[in-house]
Amino acid sequence: MSTSKTAGAATATAVAPDVRPILSVRDLTIDYLGEPRQPALVQDVSFDVLPGRSVALIGESGCGKTITSLAVLGLLPARMRVAGGSIVLDGVDVLQASERTLRDLRGRTVGAIFQEPMSSLNPTMPVGDQIGEARWLHLGESRRAARAKAVELLDRVGIPNAARRARAYPHELSGGMQQRVMIASAIACEPAMLLADEPTTALDVTVQADILALLADLQRDLGLGILFVTHDLGVVAEFCADVVVMYAGHVVERAGTRALFAAPRHPYTAALLGAVPQAGQARTVLTTIPGRVPPSGAFPAGCRFRPRCAHAVATCAEPQHGGADGDHFTLCDRVAAGELTPRRRT
Ligand SMILES: Nc1ncnc2c1ncn2[C@@H]1O[C@H](COP(=O)(O)OP(=O)(O)O)[C@@H](O)[C@H]1O
Ligand SMILES: [Mg+2]
């Protein structure tokens with residue numbers, strides 16, 4: 001069940017300096033409306049998604065990964081607002097865009113795949129029509145042409161008997177097939193990137209591997225940039241060129257996957273990677289770290305990881321960006337002061 005075929009390609013590719021990101025998130029800060037005294041839910045989050053490359057967004061539950069992804073799509077829950085920073089998607093300022101522009105971006109520029117396909121699929125519409133709908137809505141294609149294209153897409157995502165299955169309703173399909181339908185729908189308008197928020201978490205292990213292989217294949221064929229929210233370090237290692245580690249709404253470390261796995265710098269990353277699989281071993285999920293992520297209203301001031309950090313000392317305060325080393329970013333006082341040397345992994 002390894003997807004290692006994709007590994008080298010994804011992680012070794014050097015980025016040409018003039019490649020323009022599809023998505024650029026800078027200093028994104030999100031808070032609750034009307035709660036000015038609460039610490040920001042997501043603070044100063046920055047990353048880029050480049051064509052043909054995957055960025056992993058990792059961290060325990062409740063760290064703000066989904067909220068960050070929703071903000072990119074202009075879909076924050078009603079009680080939240082973007083309090084600062086910028087999100088630029090295909091040259092468009094998402095934070096200033098009209099609802100109409102956002103709808104267009106969601107269909108044509110970025111396709112989204114979530115953990116539960118059933119929460120995104122319409123239970124009352126045959127799956128072929130749902131996929132076709134995106135094309136006539138966003139591309140102005142005739143319904144007849146859109147329906148034919150839907151069958152082609154179902155076939156492309158590995159659904160057997162696509163013409164027949166196009167007439168099925170979502171509940172008539174298995175979880176894995178539903179997720180394939182979601183993927184077909186996400187790529188229906190030939191987007192530049194995919195946003196995949198734990199797309200395999202709800203699936204059986206063998207089905208997970210098939211879906212990942214399909215995503216890798218589509219990425220290669222279509223040159224898709226992917227923002228990959230995942231708990232699966234195997235996916236990160238094999239699939240993603242860059243990693244953004246979030247803890248309690250902060251980016252605590254951001255680097256190329258290889259550099260980060262070889263020598264994680266932030267104590268949180270090092271703890272998370274404690275159980276990373278070695279080459280050839282089975283997939284492993286993130287290690288359990290004692291304690292838990294505080295609820296969003298209760299993030300501590302200063303370093304948010306401090307109460308759980310094995311390396312915290314009395315002088316740890318407002319964390320500084322440490323280890324200014326190329327693109328490797330670390331948010332830790334002690335790393336900044338050179339007091340913590342990266343734990344080299346073998
Ligand atoms: N719809 C919502 N309304 C209010 N708070 C939310 C909502 N969704 C998530 N949160 C809160 O925002 C924080 C970040 O959540 P989320 O982005 O879902 O984390 P992750 O995806 O990393 O598990 C959590 O504290 C969570 O309780
Ligand atoms: Mg989430």
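This is a predicted model: local features need pLDDT of at least 70, side-chain atom pairs count only at pLDDT 80 or more; totals for chains, interfaces and linings use all residues.

Modeller: Let's start with helix α3, whose buried residues pack against β4 (80-89), β5 (92-93), β6 (110-113), α5 (127-138) and β7 (193-197). Packing here is about contacts, meaning heavy atoms within 4.5 Å. The helix itself covers residues 99-109, and its buried residues are Leu102, Leu105, Gly107 and Thr109. Buried means under 20% relative accessible area, exposed means over 50%, and partly exposed is in between, using a 1.4 Å probe and protein chains only.

Residues are numbered from 1 along each chain as its sequence is written, and chains are lettered from A and ligands numbered from 1 in the order they are written.

Zooming out, the protein has 13 helices and twelve strands. Of its 346 residues, 51% are buried. Take the contacts between residues at least 6 apart in sequence: 67% of them join residues at least 24 apart.

How much can you trust it? pLDDT is the predictor's confidence in each residue, from 0 to 100. The protein averages 88, and 89% of the residues score at least 70. Over residues 1-13, though, pLDDT stays under 50, and the model gives that stretch 28 contacts beyond four places in sequence. Residues 276-283 are also below 50, with 15 contacts beyond near neighbours in sequence.

Now for the ligand. There are 14 residues around ligand 1, and Tyr32, Gly62, Lys65, Thr66 and Ile67 come nearest; to count as near, a residue needs a heavy atom within 4 Å. Helix α2 (residues 65-72) gives the most to this shell, with three residues. An oxygen atom of ligand 1 is 2.7 Å from a polar backbone atom of glycine 62. For lysine 65, an N or O atom in the side chain is 2.8 Å from a ligand 1 oxygen, and for threonine 66 a side-chain N or O atom is also 2.8 Å from an oxygen of ligand 1. Taken alone, ligand 1 exposes 560 Å², and the protein buries 68% of that; accessible areas come from the Shrake-Rupley method with a 1.4 Å probe.

Notes:
Side-chain values use heavy atoms; hydrogens and water are left out. A polar contact is a pair of N or O atoms within 3.5 Å; within protein, one must be able to donate a hydrogen and the other to accept it, and residues adjacent in sequence count only if both atoms are side-chain atoms. Helices (H or I, at least four residues) and strands (E, at least two) are DSSP runs, numbered from the N terminus.
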